[in-house]
Amino acid sequence: MKKKMVSFVLSVAMVSAMLAGCGSTTSSGSAASDTTAASGSAAASTAAADASAATSTAASTTDFTGEDPQLSKDLKILSIWAEDNDNGVLINDICKAYQEVNPNFTYEYEVVSADDLKQKIATLVASDDLPDMFAYESGAPIVDLIEADKIVDIGAELDKIGDSAYVTDSATSLLQTLSGTDSIYDLPLGMNVEGFWYNKALFEQAGITETPATWDDFEADLKKLSDAGIQPLACGAGDKWGATRLINAYTVRTLGPDAMSNAADGTTKYTDEGYVAAAQKIQDWNNEGYFGQGVTTVDMNTAGSMLMSGKAAIFYNGSWFTSNLNDTTANLAGEDGIGFFNIPVADESISAADSYSMNCGNILCLSKSKYDDATTWFLKYFVEHMGDEAMSKQGSIKGYTYTADTSSVSGYTKLVLDEIDKAKSAFTWYEATMNSEVSTVTQDNVQTLINGDMTAEEYMQSIQDASDNSAQ
Amino acid sequence: MKNVLGNKKAIALFVIPGLVVYSCIVMLPVIWSFYYSFFSGSPGLKWEFCGLDNFKRLFTDNNFKDALVVNVKYIAVVMLGQVGLGLAMALMFKFWLKKGKNIIRTLVFFPVVLPTVAVGQLFSKIYEIQPNYGLLNSLLSALGLTNLVQPWIGQSKTALWCLCAMDIWTAIGFYAVIFYGAILDIPDDVIEAARIDGCGGFKLFRYIMAPLLHSITIVCLVFSFSGTVKMFESSMALTNGGPGNATRSLSMYMYLTSFSYNKVGYGSVIALFIFFLCIIGSSIIKIFDRTESYY
């Protein structure tokens, strides 16, 4: 009995000690607040004063036209480009330059793989911990973030600070089209045109004297090349999007620039005749042998190498391909061996010759929960300097106005700049208006379409089914 | 000791810490997954209660069925290949190889330590057709079998089998080493006695070796099953699930659904299905174990 009593008392003591331990933070906190009530309240009032001062500072800076007020800020950036690569260089340079303007500005630059980006952002959204600035994908993926009210309406902010003009009209229009909004919610990091790159020597060898302007001419040239024993097309169908771009080219030229958005919003069906005809086209080309053997195993890099080494005559890709063309060790065709032509038109009244397939590459978003006046000042500096920075450092256009001199850029970069100048209107890529699920089905099944394991009707039906299912 | 293990409280004291840890790292995520399966969307983005919709969808989803078929075919072929050829290799080490045993064993085991991505790259070069023929197509071409030259991993009818071949090649050394260790444990006099009794070749294997290797075979089958049911990285490295969805497994589909389509709830249902598939598969292997034990 005694033993039981002792064990009972010990148990009670342990449980109460445990409870006391659990509640220690609160109780010690309250004791501390009792004993140091005066100093505590003083500290609290100081903190409150600081906070209100900070708030008032923030509230007072409604005018963003004057000198930078040097607000304190630690900006967290989530990127997919290494610090010494591509856009990573530009973002870091801009941040470093801004530190000279605002010594109270610091930044943390984190890089994740482009493949993991969407997953990483989804996790951060779930934990409500999006970084101040992060790379993301334009088009349908960004719409979810806009609808969830997670990202800043950058268009409205640029209007507020009077810097809207620094983002080019074409970039603004493209970003608005991609997100389906009247404002822009992202910052462009590229202004690319897409089209057909061709090997001039192989064209000459096949007796083709000028680039095709119409779709009929284009198909006639493919036949000429094939008859001359030259592989007409290199296509990175292993990377899937290389193939869907070709379907997009024919779809837009025969159905108009709104074809894909119409199908996405249900105005038309992916299974309508025109869409099926475009899918049939790419299958027919493979049946004719225009892509060579095993096109679904060829990735975009290999396809690009095939063009530059003279193993294939034509290759569809964007203006970012100039980085490969400018690499003299990779480009065996030489400084003037590769040319560019826009997607040939099928009917000028449906889609004009000066209409180009364009995209803004990956984009940058700003987290709404972290956005403050200090970020607005940084945003102001970013849009005002990005255009010149990109042109002077890399000879590239990022969707911002620039004043830097373009006379010293390489031949291929100049070629792209000229093409961008020619563009009067733009249309987007095949998956731009699709959500992830429809986009994945579209890309995965394009390989089975090319191989002939799926008919064009079945392919378009699979896209329509995915679209219907994802809406559920 | 008998007193301690006879006391239920003492047993509980030993078992509970392990049980708590196991529950936290195994059972809790499963329960969590089950909870998630009643929601649509992704946490933070359109996360709404949807009742049993995700479970209903599982039965009408053709992509899920395709992934299940791919996974089952892969498990059947790779499991048989890895364990069967591993056993054959071990028997070869024991009975046929007279010289260079160590070097050959090392060479056979070598692929096991290679990273999956490297193996994927290696085999994509072997199966290559454009811009240049890979090893396989070059061999076929050199032998005059040009009609067999084809995009091995670029067409649905051959891609899965090419992937199976790669994974069998990778793991064969692992199972060979395990079986070889078990074969060495069989006393020589048993084998010798069997030979004197007239057992040779197949009979020796069927009536002497196979029963003695029975338990290690079950272990190898369980290893191989648990390795193949989660088919992911090798397929990702060699074909990225393609062409189309010819090599897309359940795990890959679950990953896509959860993290690319932002449908974590439906992804959780697929994850639960994989969990039950593991239980069913292991139970089937256990049935073989029990059946054989009656002998």
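## Two domains of chain A

In chain A, the centres of domain 1 and domain 2, taken over C-alpha atoms, are separated by 29 Å. Domain 1 of chain A consists of residues 73-191 together with 360-402, while domain 2 of chain A consists of 194-359 together with 418-470.

Where the two domains of chain A meet, 11 residues of domain 1 are in contact with 10 residues of domain 2. On the domain 1 side, helices α6 (140-147) and α8 (169-179) of chain A each provide at least two of the touching residues. The largest share of that side, 4 residues, belongs to α8(A). By class, the domain 1 side has 7 nonpolar and 4 polar residues, and no charged residues.

## Confidence of the prediction

For the complex, the predictor reports an ipTM of 0.74 and a pTM of 0.76. Chain A has an average pLDDT of 84, and 86% of its residues score at least 70. Chain B averages 89, with 97% of its residues at a score of at least 70.

Helix α2 (residues 24-35) of chain A has the lowest confidence, with a mean of 36, whereas strand β6 (residues 233-234) of chain A has the highest, at 96. Over residues 15-60 of chain A the pLDDT stays under 50, and for this stretch the model has 3 contacts beyond four places in sequence.

## Overall make-up of the chains

Chain A contains 19 helices and 11 strands. Of its 472 residues, 43% are buried. When contacts in chain A between residues at least 6 apart in sequence are considered, 77% of them join residues at least 24 apart.

Chain B contains 14 helices and 2 strands. Its C-alpha trace spans about 75 × 70 × 30 Å along the principal axes. Buried residues account for 34% of the 295 residues of chain B. Among contacts in chain B between residues at least 6 apart in sequence, 69% link residues at least 24 apart.

## Where chain A touches chain B

The contact between the chains involves 26 residues of chain A and 22 residues of chain B. Three helices of chain A, α5 (117-126), α14 (300-308) and α18 (436-451), each supply at least two residues of the side of chain A that touches chain B. Helix α18(A) gives the largest share of that side, with 8 residues. The residues on the chain A side comprise 6 nonpolar, 13 polar and 7 charged.

## Helix α4 of chain A

Helix α4(A) has 16 residues and extends 24 Å from its first C-alpha to its last, which is close to the 22 Å expected at 1.5 Å a residue. Its buried residues are Asn87(A), Leu90(A), Ile91(A), Ile94(A), Cys95(A) and Tyr98(A).

The buried residues of α4(A) pack against β1 (73-79), β2 and α16 (373-394) of chain A. On the face of α4(A) turned away from the buried side are the exposed residues Lys96(A) and Glu100(A).

## Asn104 of chain A

Asn104(A) lies in the loop between α4 (86-101) and β2 (105-111) of chain A. With 13 other C-beta atoms within 10 Å, Asn104(A) is partly exposed; a residue counts as exposed at 12 or fewer such atoms and as buried at 20 or more.

Leaving aside residues up to four places away in sequence, Asn104(A) touches Gln70(A), Leu71(A), Ser72(A) and Lys73(A). Asn104(A) and Phe321(A) are 217 residues apart in sequence, and their C-alpha atoms are 39 Å apart in space.

## Helix α11 of chain B

Helix α11 (residues 214-229) of chain B has 16 residues, which at 1.5 Å a residue should span 22 Å; its end C-alpha atoms are 22 Å apart, in agreement with that value. The buried residues of α11(B) are Thr217(B), Cys220(B), Leu221(B), Ser224(B), Phe225(B), Thr228(B) and Val229(B). Seen down the axis of α11(B), these buried residues fall within an arc of 150°, and they therefore line one face of the helix.

Notes: Residues numbered from 1 in each chain as written. Chains lettered and ligands numbered in written order. Predicted model: local features only at pLDDT ≥ 70, side-chain atom pairs only at ≥ 80, totals over all residues. Contact = placed C-beta atoms within 7 Å. Nonpolar A, V, L, I, M, F, W, Y, C, P; charged D, E, K, R; others polar. Domains from an automatic or database assignment. pLDDT = per-residue confidence, 0-100. Expected span 1.5 Å × (residues − 1). Arc of directions from axis to C-beta.
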